[in-house]
Amino acid sequence: MSGKTSTASKRLYNEKAYDRISLVVKKGRREELKAYAESKGMSINGYINKLIDEDMKKADKE
């Protein structure tokens, strides 16, 4: 059974386990990004995190 308790528990866990970063894009771009990420089998969040990780690994090798 899910409800307010489950939602509150998830919110508390997320607050403890994750940092939030706000990203601003031009109107309409969000849907473009979402469609592209989904074509790669990812969420927007997963796609952005993957790009960041790849870029940081690349910078470490330089």
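Trainee: How many helices and strands does the chain have?

Mentor: In this predicted model, the chain has 3 helices and 0 strands. Read along the sequence, the pattern is α-α-α.

Trainee: Why is the chain described as more spread out than a compact globule?

Mentor: The radius of gyration is 16 Å, whereas the globule rule gives 11 Å for 62 residues. The value is well over the rule, so the chain is more spread out than a compact globule. The C-alpha atoms fill a box of roughly 45 × 30 × 20 Å along the principal axes.

Trainee: What share of the 62 residues is buried?

Mentor: Buried residues make up 3% of the chain. The accessible surface comes to about 6,300 Å², and 53% of this surface belongs to carbon and sulfur atoms.

Trainee: What makes α1 a hardly covered helix?

Mentor: A residue counts as buried under 20% relative accessible area. Among the 14 residues of α1, the count of buried residues is 0. Helix α1 covers residues 4-17, and its span from first C-alpha to last is 20 Å, close to the 20 Å expected at 1.5 Å a residue.

Trainee: How many salt bridges does a search of the whole structure find?

Mentor: The search finds 4 salt bridges. In general, side chains of opposite charge can pair when their charged atoms come close.

Trainee: Why is the contact between glutamate 32 and arginine 29 called a salt bridge?

Mentor: The definition asks for a side-chain nitrogen of Lys or Arg within 4 Å of a carboxyl oxygen of Asp or Glu. The closest N and O atoms of glutamate 32 and arginine 29 are 3.2 Å apart, so the pair meets the cut-off. Both residues lie in helix α2 (residues 29-39), 3 residues apart, about one turn of the helix.

Trainee: How do you know that glutamate 32 and arginine 29 are partly exposed?

Mentor: Partly exposed lies between the 20% limit for buried and the 50% limit for exposed. Glutamate 32 has 48% relative accessibility and arginine 29 has 42%, so both count as partly exposed. Glutamate 31 is also partly exposed, at 48%. The side chain of glutamate 31 meets that of arginine 30 in a salt bridge, at 3.5 Å from N to O.

Trainee: How many positive and negative side chains does the chain have?

Mentor: There are 15 positive and 10 negative side chains, and the centres of the two sets lie 7 Å apart.

Definitions and conventions
Residues numbered from 1 in each chain as written. Predicted model: local features only at pLDDT ≥ 70, side-chain atom pairs only at ≥ 80, totals over all residues. Heavy atoms only, no water. Helix = DSSP H or I, 4+ residues; strand = E, 2+ residues; numbered from the N terminus. Buried < 20%, exposed > 50% of the residue type's maximum accessible area, 1.4 Å probe, protein only. Expected span 1.5 Å × (residues − 1). Rg over C-alpha atoms; globule rule 2.2 N^0.38 Å. Areas by Shrake-Rupley, 256 points an atom, 1.4 Å probe, with all protein chains shown as cover. Lys, Arg positive; Asp, Glu negative; His and termini not counted. Charge placed at Lys NZ, Arg CZ, Asp CG, Glu CD.
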